[in-house]
Structures are given as structure tokens and as C-alpha cells.
Amino acid sequence: DARYAGKLQFLLQGMDETISCNSQYVSYSLERQLVDLCGKRIKTSINLSTDLDDIIAKWDTIFQGDALSLVAKPHRSLIARWLKWALMIHQLREKLAEYTAVGVIGLTNSGKSHLVNKLFGVQTLVGTTQMKHTTIPLMYSFN
């Protein structure tokens with residue numbers, strides 16, 4: 001993951017972008033910045049549907065004034081692939097995150113509902129039986 005993060009840092013610095021990232025989620029933080037930066041390009045927008053040949057053909061226009069404009073022509077296809085891979089990996093992470101589920105399992109009276117209340121600010125059902133225990137599995141959606 002450190003090599004991938006290094007490539008992301010290279011791309012962002014090459015686009016003259018100040019890098020800031022969460023130390024626990026370096027790659028994801030850098031991907032978010034790269035996706036935002038690619039989408040905000042005034043000259044042209046770079047996204048998943050942008051063909052590699054188009055990126056290479058318009059290289060000087062896309063990266064005008066950026067350090068990436070100095071990349072030698074023989075190496076531009078490699079850098080363009082890195083850029084596309086980072087965008088694809090980010091899209092995959094985002095899609096997988098939509099389907100992420102967390103289960104909380106434990107003994108009776110171990111504080112599972114209390115934990116969910118504190119972590120997510122969701123009021124779980126208190127006392128679904130006369131004994132004040134949650135006895136029905138509950139699902140919550142967090143957007």
C-alpha cells in the first residue's frame with residue numbers, strides 16, 4: 001500500500017496540489033483528493049470514461065502549468081495509467097462501501113445497544129420485552 005500511496009502523492013504533487021491526508025487512511029485520502037482535482041480541471045475533465053490516448057494527446061493542455069507537464073513523452077502513458085487506475089480503485093472502494101455491514105454480537109447485558117447508541121447516535125429500541133433487553137435483530141441505515 002505504501003507504493004500505491006507513493007504513486008498517488010506523485011500524481012497530486014505533479015498537479016501542483018497541496019497534499020493532506022488522514023494517517024490511517026492514506027491511500028483513500030489521496031484518492032479522494034485526486035478524484036476531486038481531476039473533476040475540477042477547467043481545461044478538461046479527467047474521469048473513468050476518458051481514454052488513455054486522449055489524456056496523452058491532450059497532456060500539455062491538461063497539465064499546463066503543473067509539474068506533470070514536464071513528464072517526458074515516453075513516460076506519459078505510464079503516468080496516465082496510474083491516474084486511471086487510481087480513479088478506478090477509488091470508484092471500486094466507493095461501491096464496496098455502499099454495501100458494508102457491521103454486526104454487533106455479544107452476551108446478554110454486555111452493552112451492545114449502548115455501544116450502537118454512542119458510536120452512531122442512533123436510539124436503539126429499549127426493552128423490546130418486559131425484561132428490558134433487545135431481543136429482535138435490528139438493522140439501521142447510515143447515510
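Me: Which helix is His90 in?

Reply: His90 is in helix α5, where a helix is a DSSP run of H or I with at least four residues, a strand is an E run of at least two, and both are numbered from the N terminus. This is a predicted model: local features need pLDDT of at least 70 and side-chain atom pairs count only at pLDDT 80 or more, while totals for chains, interfaces and linings use all residues. Residues are numbered from 1 along each chain as its sequence is written, and side-chain values use heavy atoms, with hydrogens and water left out.

Me: Is His90 buried or exposed?

Reply: His90 has a relative accessible area of 5%, so it is buried. Buried means under 20%, exposed over 50%, and partly exposed in between, with a 1.4 Å probe and protein chains only.

Me: And what does His90 touch?

Reply: Leaving out residues up to four places away in sequence, His90 touches Tyr28, Glu31, Arg32 and Val35. A contact means heavy atoms within 4.5 Å.

Me: Zooming out, how many helices and strands does the protein have?

Reply: There are six helices and zero strands, and the pattern along the sequence reads α-α-α-α-α-α. Of the 143 residues in the protein, 27% are buried.

Me: Which residues touch the most other members of the largest nonpolar core?

Reply: Those are Leu34, Ile46, Trp59, Phe63 and Leu68, in a core of 23 residues. Here a nonpolar core is a set of buried Ala, Val, Leu, Ile, Met, Phe, Trp, Tyr and Cys residues joined through side-chain atoms within 4.5 Å. The elements giving two or more residues to this core are α1, α2 (26-40), α4 and α5, and α5 gives the most, with six residues.

Me: What does Leu34 touch?

Reply: Not counting residues up to four places away in sequence, Leu34 touches Leu8, Leu11, Leu12, Met15, Leu83 and Ala86.

Me: Switching to rings, how many aromatic pairs are there?

Reply: Two aromatic pairs. The rule takes rings of Phe, Tyr and Trp (its six-membered ring) with centres within 6.5 Å; planes under 30 degrees apart count as stacked, over 60 as edge-to-face and the rest as tilted. Phe10 and Trp82 have ring centres 5.8 Å apart and planes at 85 degrees, so that pair is edge-to-face.

Me: Where do Phe10 and Trp82 sit in the chain?

Reply: Phe10 is in helix α1 (residues 2-14) and Trp82 in helix α5 (residues 73-98), 72 residues apart, and the pair links distant parts of the chain. Phe10 is partly exposed at 36% relative accessible area, whereas Trp82 is buried at 17%.

Me: Which residues form the tilted pair?

Reply: Trp59 and Phe63, with 4.6 Å centre to centre and 55 degrees between the planes. Trp59 and Phe63 are both buried.

Me: What about Gln64, buried or exposed?

Reply: Gln64 counts as exposed, at 53% relative accessibility. Gln64 is in the loop between α4 (59-62) and α5. Its C-alpha lies 9.2 Å from that of Met15, and the two are 49 residues apart in sequence.

Me: Last one: which loop holds Val104?

Reply: Val104 lies in the loop between α5 and α6 (112-120). Val104 counts as partly exposed, at 36% relative accessibility.
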